[in-house]
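Here is a short report on a predicted model. Have the sequence and the structure open as you read.

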Amino acid sequence: MTSKRTASYSVEEDILLCHVYLDVSQNPIIGINQSGDQFWGRVKTEYEKSSVACIQERPKRSLQTRMSTILTACSKLRGCINQIENKNRSGASQEDILSIYWINCICYIFIYVLNFLS
């Protein structure tokens, strides 16, 4: 079986996917009473309603894989933030803590962008 690889996701598609994922996962009417297949079916349906998604059709499996990659990167960033917050040195001002936080965030964002551009 041969499969044709689709084009890389754009930043706009990533943002759209994140919004749709949150909307579907936080839907109070459907809630957690849905299977994984139903959940991703709803994500795909909502994703396809956007004009951004009309540029490139994305299979459900592609959306799942991309969201998994984004969630992994977010988890790493959250871990970085936790480490910085836990390093609250005695005598450090709020400005010192924030400057360390932003330097690390910029590094992680840079690494994230490099990984997805290649």
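Lys49 sits in the loop that runs between α2 and α3 (60-86). Is Lys49 buried or exposed? Lys49 is exposed, because its relative accessible area is 59%, and the cut-off for exposed is over 50%.

The Lys49 side chain also has a partner. It makes a polar contact with the side chain of Glu46, at 3.0 Å.

Helix α2 covers residues 36-48, 13 residues in total. At 1.5 Å a residue, these should span 18 Å.

Which residues of α2 are buried? They are Phe39, Trp40, Val43, Lys44 and Tyr47. These residues lie on the same side of α2, because they cover an arc of only 135° around the axis.

## The nonpolar core

The largest nonpolar core has 13 residues. Those that touch the most other members are Leu17, Phe39, Trp40, Val43, Tyr47, Leu63 and Met67. Three elements, α1 (11-25), α2 and α3, each give two or more residues to this core. Helix α1 gives the most, with 5 residues.

Val43 shows one set of contacts in detail. Leaving aside residues up to four places away in sequence, Val43 touches Leu17, Val20 and Val24.

## Aromatic pairs

A pair of aromatic rings is described by the distance of the centres and the angle of the planes. How many aromatic pairs does the structure hold? There are 3. One of them joins Tyr21 and Phe39. This pair is edge-to-face, at 5.6 Å centre to centre with 90° between the planes. The pair links distant parts of the chain: Tyr21 belongs to helix α1 and Phe39 to helix α2, 18 residues apart. Tyr21 and Phe39 are both buried.

Phe39 also pairs with Trp40. Their ring centres are 5.2 Å apart and their planes stand at 85°, so this pair is edge-to-face too. Angles over 60 degrees count as edge-to-face. Together, ring pairs link Tyr21, Phe39 and Trp40 into a cluster.

Why do Phe39 and Trp40 count as buried? The cut-off is under 20% relative accessible area. Phe39 has 12% relative accessibility, so it counts as buried. Trp40 is buried because its relative accessible area is 13%.

Note on methods
Residues are numbered from 1 along each chain as its sequence is written. This is a predicted model: local features need pLDDT of at least 70, side-chain atom pairs count only at pLDDT 80 or more; totals for chains, interfaces and linings use all residues. Side-chain values use heavy atoms; hydrogens and water are left out. Helices (H or I, at least four residues) and strands (E, at least two) are DSSP runs, numbered from the N terminus. The expected span of a helix is 1.5 Å times one less than its number of residues. Buried means under 20% relative accessible area, exposed over 50%, partly exposed in between (1.4 Å probe, protein chains only). The arc is that of the directions from the helix axis to the C-beta atoms. A polar contact is a pair of N or O atoms within 3.5 Å; within protein, one must be able to donate a hydrogen and the other to accept it, and residues adjacent in sequence count only if both atoms are side-chain atoms. A nonpolar core is a set of buried Ala, Val, Leu, Ile, Met, Phe, Trp, Tyr and Cys residues joined through side-chain atoms within 4.5 Å. Contact means heavy atoms within 4.5 Å. Rings of Phe, Tyr and Trp (its six-membered ring) pair if their centres lie within 6.5 Å; planes under 30 degrees apart count as stacked, over 60 as edge-to-face and the rest as tilted.
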